[in-house]
Amino acid sequence: KERKKDFNLRGRVLENISKRCGGFLRQLSLRGCLGVGDCSLKTFAQNCRNIEHLNLNGCTRITDNTCYSLSKFCPRLKHLDLTSCIAITDNSLRNLSEGCPNLEFLNLSWCDQITKDGVEALVKGCNGLKALFLRGCTQLVDEALHHIENHCHELVLLNLQSCMQISDEGIAGICRGCHRLQSLCVSGCTNLTDASLIALGLNCPRLKILEAARCSHLTDAGFTLLARNCHDLEKMDLEECVLVSHLYKGSVLNPVKCINSSWFLTRTYGQKNCLRR
């Protein structure tokens, strides 16, 4: 009972904040606020219709109802973080697609109920996405990436860490459709081979950061072609890429450029650890 009372109190605090700030509020972080649920966020959405930046990372009590409220009342939303909101399903992505067409940044890390159908709905309505985190969305397959390929031509950052069902075919599709890509994380995508590196090298000349830890099929030959064509490369994570020689790793990873990559991520997305494993 005490725990429920505490949750209700926190929810009321959010409701009071939203009523006082109203249309003035543009940014709000509720990261880790376990007591915030759908009801208080509905009140928030109704009162704060000009919200543009909302962080709900770790708000594990929220469900698809929250995304419905945001889609209904918050059309100016540009940045939404739903990391570890494990009750979120494809229905949330359908609602965001219909009501939040200005989304540029969406973090769905560890929302493992998301499937290709949700991604398809999302990108058809939010085709201006510049940063998309799908880390730990383990149900995703290559078809989801083809939907991104067809609609998200402004994409700059894509995180697919631990999406273990994707293959070279899906990455090749991303490369064909997302020529502005600057940062890609495929760490833990164990099906990938040098074919993915070749596709990146031939289609994504602006690539600055590639995280490919634990991709054990990648070799020196693939990275050589990538480095030859992607002259802006600043950082590569090749941890546990067992077919890549130590000599090659030393010749490619320039310490100065690794520092610059951290600046790039922080400056552009406000997250130092957006590629954190």
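Start at Lys-124, which is partly exposed, with a relative accessible area of 49%. The model is predicted. In it, Lys-124 forms a salt bridge with Glu-120, and the closest N and O atoms are 3.1 Å apart. Glu-120 is also partly exposed, at a relative accessible area of 24%. Both residues belong to helix H5 (residues 116–125), where four residues, or about one helical turn, separate them. An α-helix has 3.6 residues a turn, so residues three or four places apart point the same way. Side chains of opposite charge can pair when their charged atoms come close.

A search of the whole structure finds six salt bridges. Another one joins the side chains of Lys-116 and Asp-117, at 3.3 Å from N to O. Lys-116 is partly exposed, with 26% relative accessible area. Asp-117 counts as partly exposed too, at 35%.

A further salt bridge links Glu-149 and Arg-176, with 3.4 Å between the closest N and O atoms. Glu-149 sits in helix H6 (residues 142–151) and Arg-176 in helix H7 (residues 168–177), so this pair ties together parts 27 residues apart in sequence. What is the burial state of Glu-149? Glu-149 counts as buried because its relative accessibility is 13%, and the cut-off for buried is under 20%. Elsewhere, salt bridges with shared partners join Lys-116, Asp-117 and Glu-143 into one network.

Two packed helices are described by the angle between their axes and the distance between the axes. The axes of H6 and H7 come within 8 Å and cross at roughly 5°. H6 is therefore roughly parallel to H7, as angles under 35 degrees count as roughly parallel. On the H6 side, the contact is made by Asp-142, Leu-145, His-146, Ile-148 and Glu-149. H7 brings Glu-169, Gly-170, Ile-171, Gly-173, Ile-174, Arg-176 and Gly-177. Sorted by class, this contact has four nonpolar, four polar and four charged residues. Both members of the salt bridge, Glu-149 and Arg-176, are part of the contact.

Asp-64, Cys-67, Tyr-68 and Ser-71 of H3 meet Asn-91, Ser-92, Asn-95, Leu-96 and Gly-99 of H4. Here the residues divide into three nonpolar, five polar and one charged.

The largest nonpolar core has 76 residues. Ile-148, Leu-160 and Leu-210 have the most contacts inside it. Several helices each supply at least two residues of this core, among them helix H2 (38–47), helix H3 (64–73), helix H4 (90–99) and H5. Which helix gives the largest share of this core? That is H7, with four residues.

Setting aside residues up to four places away in sequence, Leu-210 touches Leu-184, Val-186, Leu-197, Leu-200, Phe-223, Leu-226, Lys-235, Met-236 and Asp-237. Two of these, Leu-197 and Leu-200, are buried residues of H8. Asp-194, Ser-196, Ala-199 and Gly-201 of H8 are buried as well. The cover over the buried residues of H8 includes H7, strand E7 (183–185), strand E8 (209–211) and H9.

Methods: Residues are numbered from 1 along each chain as its sequence is written. This is a predicted model: local features need pLDDT of at least 70, side-chain atom pairs count only at pLDDT 80 or more; totals for chains, interfaces and linings use all residues. Side-chain values use heavy atoms; hydrogens and water are left out. A salt bridge is a side-chain nitrogen of Lys or Arg within 4 Å of a carboxyl oxygen of Asp or Glu. Buried means under 20% relative accessible area, exposed over 50%, partly exposed in between (1.4 Å probe, protein chains only). A nonpolar core is a set of buried Ala, Val, Leu, Ile, Met, Phe, Trp, Tyr and Cys residues joined through side-chain atoms within 4.5 Å. Contact means heavy atoms within 4.5 Å. Axes are lines fitted to C-alpha atoms, for helices over the stretch in contact, and angles run from 0 to 180 degrees between N-to-C directions. Angles under 35 degrees count as roughly parallel, over 145 as roughly antiparallel, 65 to 115 as roughly perpendicular and the rest as oblique. Ala, Val, Leu, Ile, Met, Phe, Trp, Tyr, Cys and Pro count as nonpolar, Asp, Glu, Lys and Arg as charged, and the others, Gly among them, as polar.
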